[in-house]
Every structure is written in C-alpha cells, then in structure tokens.
Amino acid sequence: MSARTNKPHEVVERALELSRADGCVVIADEHSTANLRWAGNALTTNGVTRGRTLTVIATVDGREGTASGVVSRAAVTADELEPLVRAAEAAARGAAPAEDAQPLVTGVPESPDFTDAPAETSSAVFADFAPALGESFARARAGGRELYGFANHELVSSYLGTSTGLRLRHDQPNGTLELNAKSPDRTRSAWAGRSTRDFKDVDPAALDAELATRLGWAERRVDLPAGRYETLLPPTAVADLLIYQMWSAAARDAAEGRTVFSKPGGGTRVGEKLTELPLTLRSDPNEPGLESAPFVLTHSSGDDASVFDNGLPLSATDWVREGTLTRLSTTRHSAGLTGLPVAPIIGNLILDGGEDRSLEEMVAATERGLLLTCLWYIREVDPATLLLTGLTRDGVYLVENGQVVGEVNNFRFNESPVDLLSRATEAGRTEKTLPREWSDWFTRAAMPALRVPDFNMSSVSQGV
C-alpha cells in the first residue's frame, strides 16, 4: 500500500513514531492542481494532478550542539517511510552542529482539522471562468486579436507534526492567470495577469478589453533612447521589485554589513526613513483574499528561515511603517544575534498608504512619461545597494498630456527598489496583483502603482 493511500496525518504520526532522533519534525504536503492552456483563441490542454511530498527533519543533540538533517521525497510508499526517517537521522548525525539550532517549538494548540482529509482542487474551479474565456475568444477573433495563456489552480494541504507535540495543518489555495494578446502578424503583444484564490474574482472579458486597448496603443511606434524618464510602474512591477527587497531584508545579513539595510559603521537601518510618502509595507497571514500560513512552515534553513522554527505562530508585521523601516526578517536564532524582534517571513506582501487613485487617473495626470506593463529577468547587480537589473516586457507606452500616444521600444533598467521608494513622488490605489517575474514562487501581493520621476532606463533592449 502506498503512503499516498494513507491519510496524511497518519503518515506524519507514523514517521514520528519511527523516529529515534532527539527531535523530529515531519511535514506532509498534499498537492492538487488543475490547469487550462490556450493558444490562438482556442483551448489546447487541460489537466488535473495529485501528489504528496514528505519532509522529515531530524535533530540530534551532541556535545558541541544540535545538528539537523533534512530529507524530502515524493511518492513515498509505506515500505519507504522508515528508510526516509533513517536517512534524515543519518544526515543529522553526519552534519556539524547547526548554527540556527533552537529548541523545537512547543505550546501551539492543535489545528482542529489536523485529522481531516486534504483539500483538493479540480476542473470545477473553472466552471464559471472557462465559459467566460470562450466568449472572450469569440470577441478577440472578431476584433483581430489572438489570445494565448494559461490558468493554474493549486491547493496544498500541509500537515506539520513534531516530537514536541505540535499538530498543525494549513490549506493554501493559489491561482494564477496569465493572458497574452497578439496581433495576427505577431508584431504587437500585450500582457495581463491576475492572482486569485478561486477564479471567482477573475473577469476574462475585462482583461481582454484591457489588452485590446494596449494593442491599439501599439499601432503607433515611437523609438526612444536610453535615459531617465518619469515612469509609471504598475502594481505587478512594484510587486516584483518589493518582493526581491523583502527577500534581501534578512536582519543578520544587514547587521553583518552585507546589504542595503546595513548602517554605515555597524548595525542596521531599522528606524530610518526610507521614503517621504506615507507608505506601509506589511505582511499579514490573515489578510483578506491573501491569506497564508499562520505559522512557520519551512522545509530548509537559510538566511531568513530555520527548520527549528517550524510551527512558530505568525502575526501581522509592518516591515516599513509610514515610510520608516521598522522590521527586518529574523529567525529566533538571528533575532538573538541582532537584538531585533523575532519576525519570520510571511507568505504575502502588501504596500499601502497611497492615494485612492487608479493607474488610469495617474496616466491622465502625466505631462510626459512612460507607462510600463511589467518587468522580467530581474537579477541582482550589487547587494550593498540592492541594485537590480532587468528588462521591460509586453508594452512600454509613451504618455503625453495625459494620453497614451504610442508604444516605445523596450529597455534594460538599473534600479534599487529601496532607492525607488525614496524617489517616488506618488503612490496610487493598492490592489491585488500578480508579480509576473516571481509568480512561480510568490503570488500573494497587493500593491499600488508608483510614479518615479527619473527611472533609469540604462539601455535599449530588443526584448518583447
């Protein structure tokens, strides 16, 4: 009998029973996905998948400290369960003491649904979306557009058990929609994306109308040189930049003088003003529509995560409050090293505090500038300043006297999100958005559009 035919909480309990380590953490992740793909105004493929991944974290106390061993495997059978536990124990015994070692978390109340069956998605999640998409195909065909894209819905039920008595469970729905419209000769392209929990808040007709407008803008082409331009960054682009900033905001790295959040002469920049705009960058596991795990759920240790913290409760955290840096991410271990509060990474990111102004209204208030669609191929150039480089994609538009007058060439940019916040002169209305570059890893974000008076388009790019 395969482990997948057993209830996940039973697999967790059995692995804990088999453990001979001093401490043990077991995570069973039950995955189910449903997807649709389309090209040229027609559905091409669809499918549903199921799977399980089991992670065993063994800890072994030694004379010099506690070591940890982590082993993860998919499709573990009943016969393979004990070898998996033994492999984690062997990895722990063969490892040096873990620098981030802490006592395993205790005292967290059991999830009431820990013994319930995992949540599952199915093609039914697209029951309303698919017919509406079909209607959009017909409109696009009549309007001389071709629609391409995909919709993906995933449900992950995670069961966390520990030798210290924790029995926690979290169900995480995650839906993404990406839609491209192309002219029949493929010389013009526009993109739109959405993040959703259940596809009930996604309107294909509205997205198609948005893309039709952008393809119309692209009928006129204007070539511009590299340079600094007043630029309107839409929420998706803001999200991609600030997610990278969050990933780069580990307190220990900052305290050791290695990041943009390091204070010259020692210490961190916590308490410094980063922007004159009253912006608050925050995370909250209970944020409506962006809910994420309310406890630490990590399969490996790193600069901003520790396997020893599994099960640690999470709460609303302000990283930047009204323009001032208030938190850097910490584990229990790095909090002790830096003297900063414990503040683990949370699975969503929200920037608010801007004006109640739509991107369209910001365009109407622009004398001359660029309107971006999205960013891609973002890479770090300099961690000391968090200088990032990347490319624009699927539409850069010239705005003159409050009107979009044409599409311009793509650019490579060089900018630091921390520096951008300091120079931004306007933030619009916060709205849920899909971070295009990081959508494989991070999708739960809500951001405003930002106006930057001198965004650095460092060179012209042939990217699409």
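The following paragraphs lead through a predicted model, from its domains to its sheets and then to single residues.

Because the model is predicted, local features need pLDDT of at least 70 and side-chain atom pairs count only at pLDDT 80 or more, whereas totals for chains, interfaces and linings use all residues. Residues are numbered from 1 along each chain as its sequence is written, and side-chain values use heavy atoms, with hydrogens and water left out.

The chain is assigned domain 1 (8–215) and domain 2 (220–463), with bounds that come from an automatic or database domain assignment. Taken over C-alpha atoms, the centres of the two domains are separated by 24 Å. Across the boundary, 41 residues of domain 1 are in contact with 38 residues of domain 2, where contact means heavy atoms within 4.5 Å. The size of an interface is often given as the accessible area lost when the parts come together. Here the area buried between domain 1 and domain 2 is about 3100 Å², and carbon and sulfur atoms give 57% of it; buried area is the accessible area (1.4 Å probe) that two parts lose on being put together, summed over both. On the side of domain 1, Asp100, Trp191 and Arg214 lose the most area to domain 2, together 21% of what that side buries.

The secondary structure can be followed next. Helices (H or I, at least four residues) and strands (E, at least two) are DSSP runs, numbered from the N terminus, and two strands pair if DSSP finds at least two bridges between them.

Ten bridges join strand β2 (residues 42–62) to β3 in the antiparallel sense. Asp61 stands opposite Thr66 in β3, and Thr53 has Ala74 of β3 as its bridge partner.

Ile57 also lies in strand β2. With a relative accessible area of 1%, Ile57 is buried, a term that means under 20% relative accessible area, with exposed over 50% and partly exposed in between (1.4 Å probe, protein chains only). Leaving aside neighbours within four places in sequence, Ile57 is in contact with Gly23, Cys24, Val25, Gly69, Val70, Thr298, Val307 and Asn310. Ile57 and Asp382, by comparison, are 325 residues apart in sequence and 34 Å apart in space, C-alpha to C-alpha.

Cys24, one of the contacts of Ile57, is buried at a relative accessible area of 1%. Cys374 is likewise buried, at 0%. A disulfide is a covalent bond between the sulfur atoms of two cysteines. The structure holds zero disulfides, counted as pairs of cysteine sulfur atoms within 2.5 Å.

A further open sheet has six strands in the order β11-β10-β9-β12-β19-β18, with mixed pairing. Its edge strands are β11 (324–325) and β18 (431–433), each of which pairs on one side only. Strand β10 (residues 317–321) pairs with β11 in the antiparallel sense over two bridges, and Val320 has Leu325 in β11 as its bridge partner.

Backbone angles complete the account. Most residues other than glycine have a negative phi, and most peptide bonds are trans. Phe199, however, has a positive phi near 65 degrees. Phe199 is found in the loop between β6 and α4 and counts as buried at 3% relative accessibility. Leu386 also has a positive phi, near 55 degrees. The place of Leu386 is in the loop between β13 (368–382) and β14 (387–400), and Leu386 is buried, with a relative accessible area of 1%.
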